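Dear colleague,

My notes on it follow directly after.

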Amino acid sequence: MTGIADGRVVIVTGAGRGLGRAHALAYAAEGAKVVVNDLGVGLDGAPGPDSPAGQVVDEIRAAGGEAVAHGGDIATSAGAASLVAAALETYGRLDTLVNNAGFLRDRMLVNLDEEDWDAVLRVHLKGHFLPLRHAAAHWRAETKAGRTPRARIVNTSSGAGLLGSVGQGNYSAAKAGVIGLTLVAAAELARYGVQVNAIAPAARTRMTERAFAGTMAAPDAGFDAMAPENVSPLVVWLGSAASAGVTGRVFEAEGGRITVMEGWRPGPTADKEARRTPAEAGETARKLLAQAEAPGVVYGAG
């Protein structure tokens with residue numbers, strides 16, 4: 001197999017199903033050697049009967065590609081370290097990390113307990129940080145040894161992280177944190193030849209097909225806009241050497257649509273050049289809000 005990712009070694013977390021599986025297969029189809037990570041848990045993060053990572057590896061190999069399975073918990077330092085080690089020990093290098101693993105424990109805030117908050121933040125946010133940290137340490141060592149890589153990290157946020165999502169305070173906070181982590185990592189790791197970007201995908205997965213059964217259903221004919229495979233081409237390009245110069249960006253991807261998100265920017269402003277009273281501050285705030293765009297909100301998983 002040859003393609004845009006030819007010769008690159010790529011890690012994809014949460015790659016046993018859904019978006020992660022689509023990404024792994026797409027990278028392999030473009031010539032990459034893939035480390036397929038999946039813990040094999042259910043939607044709520046509870047252990048499943050077996051990990052699907054091996055099945056994805058079998059698919060890749062059957063199509064003529066190269067892949068290896070990893071079943072470690074990437075939200076632990078030992079698991080994340082072993083993930084990076086799996087790439088280095090099996091293929092002798094690491095070029096791209098795609099952070100994708102996650103699950104849901106949806107509750108309205110008044111019913112959201114500490115355990116469900118911690119569990120979702122752990123997998124989505126800590127599960128991004130730890131693989132990123134261990135991969136970055138390897139690439140820093142490579143740079144210091146005179147072998148500056150053309151490394152890539154692709155993180156996975158969500159519309160919930162961009163706009164908030166009713167019933168998903170834990171998930172929204174984690175996915176917003178992924179964006180903040182992406183921006184910091186892009187700035188800090190550039191000196192080591194690492195580009196870091198994030199996607200906010202919309203696709204049919206185990207997490208979305210229950211919440212949006214109607215809109216996520218596959219059509220009887222024609223273009224399947226919600227197929228997870230639609231998101232993967234952008235992820236593959238961002239993880240390839242062809243994306244040179246693109247870093248610190250967030251992209252929405254859905255069906256055939258790609259959008260560059262512009263994030264928080266200054267809106268209407270007023271400067272009195274002196275301290276206001278609370279009443280004056282409120283009056284000014286209301287005038288500015290009348291000039292500003294209304295905030296958006298997402299309802300349900302995304």
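**Salt bridges**

The side chains of E115 and R105 join in a salt bridge, 4.0 Å from N to O; the term denotes a side-chain nitrogen of Lys or Arg within 4 Å of a carboxyl oxygen of Asp or Glu. Because E115 belongs to helix α4 (residues 114-144) and R105 to the loop between β4 (96-98) and α4, the pair ties together parts that are 10 residues apart in sequence. Helices (H or I, at least four residues) and strands (E, at least two) are DSSP runs, numbered from the N terminus.

Please note that the model is predicted: local features need pLDDT of at least 70 and side-chain atom pairs pLDDT 80 or more, while totals for chains, interfaces and linings use all residues. Residues are numbered from 1 along each chain as its sequence is written, and side-chain values use heavy atoms, without hydrogens and water.

E115 is exposed, at 56% relative accessible area, whereas R105 is buried, at 19%. Buried means under 20% relative accessible area, exposed over 50%, and partly exposed in between (1.4 Å probe, protein chains only). A network of salt bridges links R105, R107, E115 and D116.

R93 forms a salt bridge with D95, with the closest N and O atoms 2.6 Å apart. Here R93 is partly exposed at 41%, and D95 is buried at 5%. In the salt bridge between E280 and K272, the closest N and O atoms are 3.1 Å apart. The count comes to 13 salt bridges.

Yours sincerely
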